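Subject: Structure handover

Hello,

Here is the structure I promised you. Please open it alongside this note. My findings follow below.

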Amino acid sequence: MKRVYMDANATTPLLPEVMEAMRPYWMERFGNASSVHQDGQLAHAAVDHARATMAEFFNCHDAEVVYNSGGTEGDNTAIFGLLNPGDHFITTSIEHSAILEAAKRMASHGVETTFVAPQPSGLIDPADILRAVRPETRLISVMLANNETGVVQPVEAIGKIAAETGIFFHIDAVQGAGKVKFDVRRFGCHLLSISAHKMHGPKGIGAMFVRSGTPLESLLVGGSHERRRRAGTENVPGIVGLAKAAELAMHSLEDGTIGRLARLRDRLEAGVLQIPGTGVNGAWDGDKPVPRVANTSDIWFDNLEGEALVIALDLKGVAVSGGSACHSGATEPSHVLMAMGVDKTRARASLRFSLLKTATEADVDYVLQVVPEAVEHLRAISPVASGTAG
Ligand SMILES: Cc1ncc(COP(=O)(O)O)c(C=O)c1O
């Protein structure tokens, strides 16, 4: 059976070029980048070369790039590494759990957090961030693109607020990487986190931009790796793969790939919206389209259970994800959609389609063939549709 993977915001496969770039660093170039001998120096040179690529990707200096294990570590580091008892922290209620759970933990360390809610469009209003500022606010953290809706936040405006009020600013840019052109100077951030596996790189490796002079305490201590900002032997194959993925992502942003992806996503969305009782979460702000990353569409389907549709589509060879998360065995509607004011039933009946950058017209054709049939079938048998659900 044909399989179409439309869950790129969960993870992506390596591109062949990434695999090829990494290959020698598992075996013949296995050295420890801290060793003085030639084997070590080969690894060291690869890490340095990758750092120059990452600096270009972020638009920063090489010395402002810190490798780590991915998005969760970057998000945690920003929070645990900057905040002290008595500080106030501002973030949003639509962040990834790597931010939300870290903020929760800081509550027991004397750090109070304000969670700014989005507009119904999914956009954060910078004026709401400004209103939340207090004399003791030390850090603002706002995501670049939301993992569920794909909505791109006005980070530049928030960066200006941070600059004017003298507050540190972190951006969780995990879902923006490879989809939005980065420029940390224009964004006005002190810290920015990314993860390779969301942009066709390997899992378990990521990087942070740390603006020079930012007093960020490292999460891990030990050796003097990464200028003492992140201890631990460098994951050389991972770092090489991350940089190759970043290099390819920079090309994709210039060569029309991302524009093509947006057109594919728009065709998919228009096709699915032909089904009665459907709509997009986070697409419109009144009559203005909301900025979204090119690959994401979060669609609600009235009169069915989202999880049932995820399973039905999987059985037909289509991988997507639902707008619910499983917590202690119960499915809870997405905190992102709830924060946007979407009602519980609709949030539970929402699906995220997120396209790989290698997605094809044939993939979209197949999904447009399978989704209407699956929806029709589920609605015919659904207790939600027949009104017998509790
Ligand atoms: C917005 C966002 N932040 C952080 C993360 C965590 O990244 P990682 O999987 O690299 O730990 C994710 C992953 O889903 C994400 O979507």
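Which helix gives the most to the shell around the ligand? Helix H3, residues 71-82, does, with 3 residues. Before you go further, please note that this is a predicted model.

**The ligand site**

The ligand is surrounded by 13 residues. The closest are Gly71, Thr72, Asp172, Ser195 and Lys198. By type, the shell holds 8 polar, 3 charged and 2 nonpolar residues.

A polar backbone atom of Gly71 sits 2.8 Å from an oxygen atom of the ligand. Gln175 uses its side chain: a polar atom there lies 2.8 Å from a ligand oxygen. For His96, an N or O atom of the side chain is 3.4 Å from an oxygen atom of the ligand. As for cover, the ligand on its own has 390 Å² of accessible area, and the protein covers 86% of that.

**Strand E17**

Next, please find strand E17, residues 350-354. Is this strand mostly covered or mostly open? It is mostly covered, with 5 of its 5 residues buried.

In a regular strand, side chains alternate between the two faces of the sheet. In E17, Ser350, Arg352 and Ser354 point one way. Leu351 and Phe353 point the other way. Residues on both sides are buried, Arg352 among them.

Which strands pair with E17? One is E12, residues 296-301, which runs antiparallel to E17 and is joined to it by 5 bridges. Within that pairing, Thr296 has Ser354 as its bridge partner. Another is E14, residues 321-322, also antiparallel, with 2 bridges to E17. There, Gly322 is bridged to Leu351.

**Ile381**

Last, a residue in helix H14. That helix covers residues 361-381, and Ile381 belongs to it. Is Ile381 buried or exposed? Ile381 counts as exposed because its relative accessible area is 56%, and the cut-off for exposed is over 50%.

How far apart are Ile381 and Leu304 in sequence and in space? In sequence, 77 residues separate them. In space, the C-alpha to C-alpha distance is 9.1 Å.

Best wishes

Terms used: Residues are numbered from 1 along each chain as its sequence is written. This is a predicted model: local features need pLDDT of at least 70, side-chain atom pairs count only at pLDDT 80 or more; totals for chains, interfaces and linings use all residues. Side-chain values use heavy atoms; hydrogens and water are left out. A residue is near a molecule or strand if one of its heavy atoms lies within 4 Å of it. A polar contact is a pair of N or O atoms within 3.5 Å; within protein, one must be able to donate a hydrogen and the other to accept it, and residues adjacent in sequence count only if both atoms are side-chain atoms. Accessible areas come from the Shrake-Rupley method with a 1.4 Å probe; for residues, only the protein chains shown count as cover. Helices (H or I, at least four residues) and strands (E, at least two) are DSSP runs, numbered from the N terminus. Ala, Val, Leu, Ile, Met, Phe, Trp, Tyr, Cys and Pro count as nonpolar, Asp, Glu, Lys and Arg as charged, and the others, Gly among them, as polar. Buried means under 20% relative accessible area, exposed over 50%, partly exposed in between (1.4 Å probe, protein chains only). Two strands pair if DSSP finds at least two bridges between them.
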